[in-house]
Amino acid sequence: MSSSEPLIPQAKSFLVQKFAKIPLGSIHVIGYSVAGEETVIQVPELDVCFDIGRAPYFALTSNILCISHGHMDHIAGISYYLSQRHFQGMKPGTILVPAEIAKFVDEVLRGWRNIERQKTPYTLVPMEPGQVYEVRRDFVIRAMETHHAGASLGYALVSVREKLKAEYHGILGPELAAMKKRGIEIQYKIEVPLVTYLGDTSFGPVFQNPDVINAEVLLTECTFYEKDHKQRAKVGRHLHVDQFAEILPTLKNQHIVVLHVSRRTGIRKARHFLRKRVGDELMKKVQFLMDFDGSVEGGDIEEAGPPQGDNAD
Ligand SMILES: [Zn+2]
């Protein structure tokens, strides 16, 4: 062995996990998403992480965590996320979680406080479909019902902008301030859904939700691609490419990122299946999160890894 060779071979290994980082206009999505294994998607500019997977290091920096549903591949790292943040002196994480499982998540977190003998702080926010969590006056998170396991939720990150009503244009600032003081509504609100994340979902009304159709960036699953996987999609309550191909033309998003592809189908094969169904033009706005642009690690993700089990994910 020459002295330049590393002591630990850096060859392809399950121990080396490669994360995606995709720039989309003014934001990035950083993450990892393989069906049944792990899903965690961060939007660092908005301080939000969708699902936590096994709590990879990058996800720790998000102050807000939005949990879509209770399957282990989406929620396993929740205690680690909180504990590590506390350990590293970061402020307590705020976790939005479907109300139906909030009590059980709380029990797990309390259990870990006892096991670790550490009073890890956290804020748990039970969410119902349609409920809005105000992060700031100009930034809210709205939950929506998805169609998966129990009360699964998607989340829209919504920018709230206040505009001056047309009839008050041309009036000077001090006068406007005085009117406002007298209780006159001089502004109206515009909501712009910036990023919407669906977690796991089957085909259903969620795809008619304005926050889904109009979000600048849509993060959606499409798990199955091959003809004989249709039944798997139905049983697991996931999308099959045939359904996604029907949905895609109705979406107005600038960018769509496909998540949660099954290991049963390689990521490039999956992209090929979708392209065949929807054509080149629509594919211009679609990216697959785990398509690492021909990098070696991308090959790893496609070909390596444990076989996909048949259980629900
Ligand atoms: Zn699931």
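1. L65 stands opposite I95 in β6. Three bridges join strand β5 (residues 64–66) to β6, and the two run parallel. Strands pair here if DSSP finds at least two bridges between them. Helices (H or I, at least four residues) and strands (E, at least two) are DSSP runs, numbered from the N terminus.

2. A word on the basis. This is a predicted model: local features need pLDDT of at least 70, side-chain atom pairs count only at pLDDT 80 or more, and totals for chains, interfaces and linings use all residues. Residues are numbered from 1 along each chain as its sequence is written.

3. L96 has V125 of β7 as its bridge partner. β6 is mostly covered, with five of its six residues buried. Buried means 20 or more other C-beta atoms within 10 Å of the residue's own; exposed means 12 or fewer, partly exposed in between, with C-beta atoms placed from the backbone.

4. Next, the helix pair. The axes of α2 (residues 78–87) and α3 (residues 99–116) come within 10 Å and cross at roughly 50°. α2 is therefore oblique to α3. Angles under 35 degrees count as roughly parallel, over 145 as roughly antiparallel, 65 to 115 as roughly perpendicular and the rest as oblique. Axes are lines fitted to C-alpha atoms, for helices over the stretch in contact; angles run from 0 to 180 degrees between N-to-C directions.

5. Which residues make the contact of α2 and α3? I78, S79, L82 and S83 come from α2, and V105, V108, L109, W112 and E116 from α3. Contact means C-beta atoms, placed from the backbone, within 7 Å. By class there are six nonpolar, two polar and one charged residues. Nonpolar covers Ala, Val, Leu, Ile, Met, Phe, Trp, Tyr, Cys and Pro; charged covers Asp, Glu, Lys and Arg; the others, Gly among them, are polar.

6. Two backbone angles deserve a look. Most residues other than glycine have a negative phi. A55, in the loop between β4 (48–50) and β5, has a positive phi near 60°. A55 counts as buried because it has 23 C-beta neighbours inside 10 Å. H260 has a positive phi near 65°. H260 sits in the loop between β13 (255–259) and α8 (267–283). H260 counts as buried because it has 30 C-beta neighbours inside 10 Å.

7. Overall, the protein chain holds nine helices and 14 strands. Of its 313 residues, 38% count as buried.

Conventions
Two residues are in contact if their C-beta atoms, placed from the backbone, lie within 7 Å.
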